[in-house]
Amino acid sequence: EDWYCLGCGNLDEKSWGNHCTITQCAVSKEVAYCHTCPDYPCEKLEAFSKDDYPHHHTVITGSERMKAIGCDAWVKEQTKRWSCEECGKPFGWYAKTCMSCGKKVFNSVDEDRTKSESDQ
């Protein structure tokens, strides 16, 4: 309850991301985003994108999209992506339904499953 995540670029003393090795790497290399690093994509980021957490699986495609359209446009896309189509309220990566209106949402597990099926 005392810890939260506002994204890698919004760290403060209560952000759990302060202990993230990828965030620490970006800070040490003085880059705001991994895709601006000369070593991008590195082994660490590639491993992160293939770990057991479905919401990590889009980190490289998301980074590529951010590089292509810019950070502000990418944030707008993500805001829409992670908002309920019915009521417009945001939902979490693993939510099955919108906490505001109860509509089923397309979460990161669904997204990962859909991507895996299309890759076959």
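This report walks through a predicted model of one protein chain, from its overall build down to a few single residues.

**Overall build**

The chain is helical: its secondary structure comes to five helices and zero strands. Read from the N terminus, that gives the order α-α-α-α-α. Taken along the principal axes, the C-alpha atoms fill a box of roughly 45 × 40 × 30 Å. Of the 120 residues in the chain, 22% are buried. As for contacts with a separation of 6 or more, 23% of them are between residues 24 or more positions apart.

**The cavity**

How many cavities of 30 Å³ or more does the structure hold? There is one, and the space inside this largest cavity comes to about 120 Å³. Its lining is made of 13 residues, and those nearest the centre are Cys 25, Cys 34, Cys 37, Cys 42 and Leu 45. Two elements give two or more residues each to that lining, namely helix H1 (21–28) and helix H2 (43–48). H1 gives the most, with three residues. By class, the lining splits into 10 nonpolar residues, three charged ones and no polar ones.

**The second largest pocket**

Now for an open space. The second largest pocket has a volume of about 180 Å³. Its lining consists of Lys 80, Arg 81, Ser 83, Cys 84, Glu 85, Phe 91, Lys 103, Lys 104, Val 105 and Phe 106. Here the class count is five charged, four nonpolar and one polar.

Ser 83 sits in the loop between H4 and helix H5 (108–119). Is Ser 83 buried or exposed? Its relative accessibility is 15%, so Ser 83 counts as buried, the cut-off being under 20%. Setting aside neighbours within four places in sequence, Ser 83 is in contact with Gly 88, Lys 89, Pro 90 and Phe 91.

**H3 against H4**

Helix H3 (residues 59–69) packs on helix H4 (residues 71–81) at an angle of about 130°, and the two axes are 7 Å apart. That angle makes H3 oblique to H4, because roughly antiparallel would need an angle over 145 degrees. On the H3 side, the contact is made by Gly 62, Arg 65, Met 66 and Ile 69, which meet Cys 71, Ala 73, Trp 74 and Glu 77 in H4. Sorted by class, the residues of this contact are five nonpolar, two charged and one polar.

H3 also holds Ser 63 and Ala 68. Ser 63 is buried, with a relative accessible area of 10%. Apart from residues up to four places away in sequence, Ser 63 touches His 35 and Tyr 40. Ala 68, on the other hand, is exposed, with a relative accessible area of 61%. Cys 42 is one of the residues nearest the centre of the largest cavity.

Tyr 40, the partner of Ser 63, is joined to Pro 41 by a cis peptide bond with an omega of about -15°. Pro 41 lies in the loop between H1 and H2. Glu 30 is in that loop too. What is the phi of Glu 30? Its phi is positive, about 55°, although Glu 30 is not a glycine. As background, most residues other than glycine have a negative phi, and most peptide bonds are trans. Glu 30 counts as exposed, at 74% relative accessibility.

Further along, Asp 52 is placed in the loop between H2 and H3. Asp 52 counts as exposed as well, at 73% relative accessibility. The C-alpha atoms of Asp 52 and Arg 113 are separated by 13 Å, although the two are 61 residues apart along the chain.

| Residue | Relative accessible area | State |
|---|---|---|
| Ser 63 | 10% | buried |
| Ser 83 | 15% | buried |
| Ala 68 | 61% | exposed |
| Asp 52 | 73% | exposed |
| Glu 30 | 74% | exposed |

Note on methods:
Residues numbered from 1 in each chain as written. Predicted model: local features only at pLDDT ≥ 70, side-chain atom pairs only at ≥ 80, totals over all residues. Heavy atoms only, no water. 1 Å grid on protein atoms, 1.4 Å probe; cavity = no way out; pocket = protein on both sides within 12 Å on 5 of 7 lines; lining within 4 Å. Points joined across faces, edges and corners; volume = space filled by probe spheres on them. Helix = DSSP H or I, 4+ residues; strand = E, 2+ residues; numbered from the N terminus. Nonpolar A, V, L, I, M, F, W, Y, C, P; charged D, E, K, R; others polar. Axes fitted to C-alpha atoms, helices over the stretch in contact; angles between N-to-C directions. Parallel < 35°, antiparallel > 145°, perpendicular 65-115°, else oblique. Contact = heavy atoms within 4.5 Å. Buried < 20%, exposed > 50% of the residue type's maximum accessible area, 1.4 Å probe, protein only.
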